[in-house]
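Work through the exercises below with the sequence and the model in view. Each task is followed by a worked solution.

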Amino acid sequence: MIDDPSKKYWYNLKSGEVEHGYVSPSVDRVGPFDTPDEASHALERLAENSRKWEEEEESER
């Protein structure tokens, strides 16, 4: 595992491309991810996390 985020992979929300390092502005990217494959599934991971957080909030009410 690489600790330096500038050497990890990011998903660019505008272009839909996987980037290695700080290629695009921070507002346009999500990550970091350890592999290009993980970064390519960023939107699925974000959706899953949102679903889990919503379920947790619902159970706390």
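**Exercise 1. Classify Arg61 by its accessibility, then find its salt-bridge partner.**

Step 1. Arg61 has a relative accessible area of 70%, so Arg61 is exposed. The classes are buried under 20% relative accessible area, exposed over 50%, and partly exposed in between (1.4 Å probe, protein chains only).

Step 2. The side chain of Arg61 meets that of Glu58 in a salt bridge, 3.1 Å from N to O. A salt bridge here is a side-chain nitrogen of Lys or Arg within 4 Å of a carboxyl oxygen of Asp or Glu.

Step 3. Glu58 has a relative accessible area of 44% and is partly exposed.

A word on the source: this is a predicted model, where local features need pLDDT of at least 70, side-chain atom pairs count only at pLDDT 80 or more, and totals for chains, interfaces and linings use all residues. Residues are numbered from 1 along each chain as its sequence is written, and side-chain values use heavy atoms, with hydrogens and water left out.

**Exercise 2. Lys8 forms a salt bridge: with which residue, and what parts does the pair tie together?**

Step 1. The partner is Asp34, at 2.8 Å from N to O.

Step 2. Lys8 lies in the segment before S1, and Asp34 in the loop between S3 and helix H1 (36-40), so the pair ties together parts that are 26 residues apart in sequence.

Step 3. Is Lys8 buried or exposed? Lys8 is buried, with a relative accessible area of 10%. Asp34, at 31%, counts as partly exposed.

Step 4. Ser50 is 42 residues away in sequence and 23 Å away in space, C-alpha to C-alpha.

**Exercise 3. Describe the surroundings of the Trp10 ring.**

Step 1. The structure holds one aromatic pair. Trp10 and Tyr22 have ring centres 5.6 Å apart and planes at 50°, so the pair is tilted. Rings of Phe, Tyr and Trp (its six-membered ring) pair if their centres lie within 6.5 Å; planes under 30 degrees apart count as stacked, over 60 as edge-to-face and the rest as tilted.

Step 2. Trp10 lies in strand S1 (residues 9-12) and Tyr22 in the loop between strand S2 (18-20) and strand S3 (29-33), so the pair ties together parts twelve residues apart in sequence.

Step 3. Trp10 is buried at 7% relative accessible area. Tyr22 is partly exposed at 48%.

Step 4. Arg29 lies over the face of Trp10, at 4.6 Å from the ring centre. The rule asks for NZ of Lys or CZ of Arg within 6 Å of the ring centre and within 35 degrees of the ring normal.

**Exercise 4. What is the order of helices and strands, and how spread out is the protein?**

Step 1. The protein has two helices and three strands. Along the sequence the pattern is β-β-β-α-α.

Step 2. The radius of gyration is 13 Å, well over the 10 Å that the globule rule gives for 61 residues, so the protein is more spread out than a compact globule. The radius is taken over C-alpha atoms; the rule is 2.2 Å times the number of residues to the power 0.38.

Step 3. The C-alpha atoms fill a box of roughly 40 × 25 × 20 Å along the principal axes. Of the 61 residues, 21% count as buried.

Step 4. Glu17, in the loop between S1 and S2, and Glu55 are 38 residues apart along the chain, with 30 Å between their C-alpha atoms.

Key. Helices (H or I, at least four residues) and strands (E, at least two) are DSSP runs, numbered from the N terminus.
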